[in-house]
Amino acid sequence: MTIHTEPQITSYLFSKAVRNHIPVSGTFELSPVCNLRCRMCYVRMTGRQVRESGRPLMKNEEWLALAKEAQKEGMLYLLLTGGEPFLYPGFRELYEKLSHMGFVISINTNGTMIDEATVRWLREYPPSRVNITLYGASAETYGRLCGNKQGYIKVKRAIEALQDAGISVKLNCSLTPDNADDLAEMVGYAKERGLILEIASYMFPAVRRGKENVGKNYRFTPREAARYKFEIQRFQYGEEAAIEYAQKILEGGAPPIVEECQEIAADGSVRCRAGRAAFWVTWDGQMSPCGMMESPEVTVRGNSFRKAWNELTELTEDIQLSGTCSRCGGWKICRACAAMAFAETGTFEKTPEYLCRMVNAMRQEATLQLRLAERKTEISL
């Protein structure tokens, strides 16, 4: 069960865009620098690491030129992310100019840099939504997971100030062994504030931080990740929803593990929006289909957007997965996509076994949940 449904007009626009390879949605990853040190982050670098990399950040004028070209090709939706985007030099100037261009802009942020002055500024140039990642329900949890105990109170203040200013807020949560005990409190806080809280128990391996991270991240075991899928349903939507979720899993019709990853053809070719109607540009000017992938990529520096996009769509069409997943009876549950295959195995052709184990564990957990529900019914009678 899920309450996070996409507006019909958005689904329609994307369906048209996918068929015609129109880049209707773009993500600008402004910087990998962040003031938190989250243990499972897939991109974070320090300012010193960026300087030593020899790959300078894209400048404001480069982002603006890219946005103008992308708009001509059909870009309507624009996500600004990082690292922490509010740490990007010249963020306000860039954001204001992008806002005046008429994009539907959303911002991914950890929330800690949003103070009262920032909220007043955002009221003048309101984004369509501010997506804030909530990493826990206490200073202790933020200290453990993010290396910043002060983050918790700053995030709460930001959320409430944004809401008071009438700015749309959505909460995201990456559930890990360090913040799992805060699940009930985080859900309760979101309900108290009337906010959507989207929680993920599956963490992509941080392959963008190095090939040594293929198939690895600070995350749950597949069995733990499966169990928390049920806990998330139970805390957010209630016992009946958890039972309904279990039934859907056993019927093979549950929502995918990662909501964005929903389509793959029987022959193993990519059929999602990534590289067909959506793109991601990294802080150093590399365009890829998805932020969780480091391949394929096409540089946008010294390149026209149209040329880069056309090349990227061709490279995306050439991606071929093993086809094993699409023939598996559990595929409708995990919907293993190209990004998952690449992050888990280092290539598109291999099967992401972590997800196989997670799906098997979800089936076992679903069976157990239904048996327990039956026993409770029998006892009550």
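For the residue classes used here, Asp, Glu, Lys and Arg count as charged, Ala, Val, Leu, Ile, Met, Phe, Trp, Tyr, Cys and Pro as nonpolar, and the others, Gly among them, as polar. With these classes in hand, the second largest pocket of this predicted model has a lining of seven charged, five polar and four nonpolar residues. The pocket has a volume of about 330 Å³. Its lining is made up of 16 residues, and those nearest the pocket centre are M45, R55, R208, R209 and W283.

The overall fold gives the setting for these details. The protein contains 15 helices and nine strands. Along the principal axes, its C-alpha atoms fill a box of roughly 70 × 50 × 40 Å. The radius of gyration is 21 Å, which agrees with the value near 21 Å for a compact globule of 381 residues. Of the 381 residues, 54% are buried.

Aromatic contacts come next. A pair of aromatic rings is described by the distance of the centres and the angle of the planes. In total, 16 aromatic pairs are counted in the model. Y142 belongs to helix α6 (residues 139-146) and Y152 to helix α7 (residues 151-164), so the contact ties together parts that are ten residues apart in sequence. Y142 and Y152 are both buried.

A further tilted pair is formed by Y202 and Y354, whose ring centres lie 5.8 Å apart with the planes at 50°.

Two other ring features complete the picture. F86, F91, Y95, W121 and Y125 are linked into a cluster by ring pairs. At F14, the charged end of R273 sits over the ring, at 3.9 Å from the ring centre.

Terms used:
Residues are numbered from 1 along each chain as its sequence is written. This is a predicted model: local features need pLDDT of at least 70, side-chain atom pairs count only at pLDDT 80 or more; totals for chains, interfaces and linings use all residues. Side-chain values use heavy atoms; hydrogens and water are left out. On a 1 Å grid over the protein atoms alone, a cavity is a set of points where a 1.4 Å probe fits but cannot get out, and a pocket is an open set with protein on both sides within 12 Å along at least five of seven lines; lining residues have an atom within 4 Å of a point. Grid points are joined across faces, edges and corners, and a volume is the space filled by probe spheres set on the points. Rings of Phe, Tyr and Trp (its six-membered ring) pair if their centres lie within 6.5 Å; planes under 30 degrees apart count as stacked, over 60 as edge-to-face and the rest as tilted. Helices (H or I, at least four residues) and strands (E, at least two) are DSSP runs, numbered from the N terminus. Buried means under 20% relative accessible area, exposed over 50%, partly exposed in between (1.4 Å probe, protein chains only). A charge sits over a ring if NZ of Lys or CZ of Arg is within 6 Å of the ring centre and within 35 degrees of the ring normal. The radius of gyration is taken over C-alpha atoms; the globule rule is 2.2 Å times the number of residues to the power 0.38.
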